[in-house]
Amino acid sequence: MIAVMEKLAVYGLSGDKDRMMRGLMEKGCVQLVSPETLEDYSEISELVERGEHDAYALEQRLSRFGGAVTALSKYEKKPGLFARKPRVQLEEYSSGDAMEKAAALCVRVEAGMRELSEMKAAAAADRAQIDALTPWKGLDMPLNVDSTQRADITYAILAGREPTEGFEQAIQEAGGAAIKVSGDEAGTYYMVLSCKPDTEAVQAAMRGFPYSRAAMSGLRFTAAENIANLEREIKDFDYAIGMVEESLAEHAKNIDVLKQGYDATSLEIDCEKAGGKLMNTDRSFILTGWLPEKELPGVEKYLSEFSCYYVTTKVDQTDPDMPVLLDNPKWARPFEALTEMYSLPLPGSIDPGPFMAPFYLIFFGMMFSDAGYGLLLLIICLLLLKKTDLGKSGKKFVRMLAACGGSTIVFGILYGSFFGDLIEVVAKNFFGATVVLPKLLDPLNQPMTVLIVSMAIGFVHIVFGMGLSAYLMIKRGHPWDALFDVGFWYLVFAGLLMLIAGGTVGEVGKWLAIAGAVGLVCTQGRAKPTIIGKITGGVLSLYDVTGYLSDVLSYSRILALGLATAVIASVLNIIGTMPGPNLLGFIMLVLMILIGHTFNFAINALGSYVHAARLQYVEFFGKFFEGGGKPFVPFAVNTKYTVAETACEEKE
Amino acid sequence: METAMESIMSTFANGNFLAYLGAAFAVLFSGIGSARGCGLVGEAGSGVIAEDPDKFGQILVLEALPGTQGIYGFLIGFIIMMNTGLLSGNPITLSTVQGAWIFASSLPVAFVGLISAPAQARAAAGGVAVIAKRPDQLSKAMVLAAMVETYAILSFLVSMLMVFNMPI
């Protein structure tokens, strides 16, 4: 069902504003909109001014807290498989004390992070310097000495691995001496000596070769001494880094303070932004928004605590601007996740959730079709629901999967399948006993039966979808369209089915089908302007029968995926029992169960989920669904790292 | 000369050979298709993971989609091996006609797998781009890729029904 929406306008006193906003946020059932939509807006627009919101400072605080949380989470002790978020009472978010603590911690963390990155950068620079000095390690003279009284010294790196005889010779000819210090892949390292009068000539000779000068100025000791110094420095850095990391790890124990601070700030931002949707005078304010009808009593009760005037107006429920909230009975609520994934229905159309739910369950169950896997899925989902914080939409999704697990168990029992034929195979292999699980329907031995069942359910699914489209047409005042577009097809389908039955029923069916077809030919071209258009439109519409046929055939995937699950499982069991009834066989079987069945579970759960959804989205939704509704986004408590506990606990 | 011809005939126009060739075809071609497909999506996905390692799970789901063709082919190959008694150690002697039937039944899954896996992979690789920008839209990307798989499923179904109902 699409929830009925009303428009709410509240005229309140400025003094109450903050308290009222906080309260509405806690209730989380009003979507604020700008008051321009009020009917008498033009009259009051001169009296009021729009609320301003300036969240810049808050946003900055948010990003600092966020950065600190990310930095600290590295040092946080690893949470177990099922981690829960910290619980915070809603009032505590606005506690100034907690905020101060968070800000103080944030400053300390930031300082630590800065120190850490500076030291890491310095250590990296030292390492680079060591790399640069290592080739000169063999040189036992201070590196900053570049001349003596009579001679000049140049440190040159000759690039590449080319033979260097030419270089040495050229320098010798110019009156200098090139002493090779070392060589590696990057190049050859030379100390070039020249007597002062020859320096010019030697430099000129060097220019003929691809060399670069090594920068040595400022290095007072020998290369080996410098390296030793740098290594000592790196060691010191490593020690200091360890200290800072330890202190960060200590801070990480208080990470919840930061998380709360982050969420408190984001709530403040939400309030600030919501304030921008209000209209203000000196002493009063106007708040407007969408409110689901069923929440009205609660909100009325809350507003009566204030001295304020409020009014709700009923609106046209087919207004495309109306936000869409899906509101279904509890059993169908998890399947809203499927609808939301596709698109929200337009206001005034149909929420497919409750109609699709039973079909989805059947399809998923028939595809996954194994009691063992279904049980596993159910257990995993229940554990997730119980032990972790999933958020609202995550919870819906996992609940849906849990229901699918249940349906898989049912079909698994029908098909007599528990981890494939594990029980039979193990009994035969290890105990020599013949166990036969009761099978009401065995897709491996009666594939045709399952195929026909699949397509029959698919046919019902499609016919049901067409029925929903007829319902929409009638509701919108076009009963004739419903008859022409859906009713005649129903006649054709019914006729064709009776024709298959044969006998006198078949004879009646033949005429029913013909009547339906004639009806279609006469009416399907009615939108066309010309007579010829009307006739060709009508005749061509009969080709749609191929569309319906391929739709029905598409449901054969239910059999195929069911077979895939069963056959992969039995292949795994065969491989697992191949070595025979001995220790190796036992190990093999355990491996197959742990690895093989896990793999089969994962790949087929994914396949069943996707293909059951596809049958809804393509075959079912295509018949009647009108998507594109705007989601209802209430002004509510949204937190990231913590779970807000409010007085009115989430209704489930 | 004649005996050479005869020995060639008895090797290659032999029922068992044709049946095993069918098993090999089913596994071989659908496997090639899936390997190429998974590779293609994996390649596209690693770019996204480099930017945001948290998306690994979603990318993995997309990468798994074109992997099913190989599984379908493997299943058909396995069933052929099982039905012809190859696994239990005492192979049934098949006539040339029977062997040719089994060979024919492996063809749908072999060739549709070969082509559809890379095609599905391209759709899934497009889905990777969707994940990069809007990770909440995973299911739409998945459904787009799953549309291609329909034909692999149909071919698997036909191969399966043919192998199952083969009179041996």
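Residues count from 1 along each chain as its sequence is written, and chains are lettered from A with ligands numbered from 1, in the order in which they are written. Because the model is predicted, local features need pLDDT of at least 70 and side-chain atom pairs count only at pLDDT 80 or more, while totals for chains, interfaces and linings use all residues.

**Exercise 1. Find the strands that pair with S10(A), and work out whether S10(A) is buried or exposed.**

Step 1. Strands (E, at least two residues) and helices (H or I, at least four) are DSSP runs numbered from the N terminus. Two strands pair if DSSP finds at least two bridges between them.

Step 2. Start with S1(A), residues 5-13: nine bridges tie it to S10(A), and the two run antiparallel. Here A:Glu6 sits opposite A:Leu291.

Step 3. Next comes S2(A), residues 31-33, with three bridges to S10(A), again antiparallel. A:Leu32 faces A:Gly289 in S10(A).

Step 4. A hairpin of three residues links S9(A) to S10(A).

Step 5. Now check burial: a residue is buried if 20 or more other C-beta atoms (placed from the backbone) lie within 10 Å of its own, exposed if 12 or fewer, and partly exposed in between. Seven of the nine residues of S10(A), residues 284-292, are buried, so the strand is largely enclosed by the rest of the structure.

**Exercise 2. Describe helix H16(A) and what its buried residues pack against.**

Step 1. H16(A) (447-475) has 29 residues and reaches 42 Å from first to last C-alpha, close to the 42 Å expected at 1.5 Å a residue. That expected span is 1.5 Å times one less than the number of residues.

Step 2. Its buried residues include A:Val450, A:Leu451, A:Ser454, A:Gly458 and A:His461. An α-helix has 3.6 residues a turn, so residues three or four places apart point the same way.

Step 3. The buried residues pack against H12, H17, H20, H21 and H22 of chain A.

Step 4. Just past the helix, A:Gly477 takes a positive phi of about 85 degrees.

**Exercise 3. Say which helix of chain B gives the most to the side that touches chain A.**

Step 1. Count contacts (C-beta atoms, placed from the backbone, within 7 Å): 21 residues of chain B touch 21 of chain A.

Step 2. Helices H3 (56-64), H4 (68-83) and H6 (138-164) of chain B each give two or more residues. H6(B) gives the most, with 12 residues.

Conventions: Contact = placed C-beta atoms within 7 Å.
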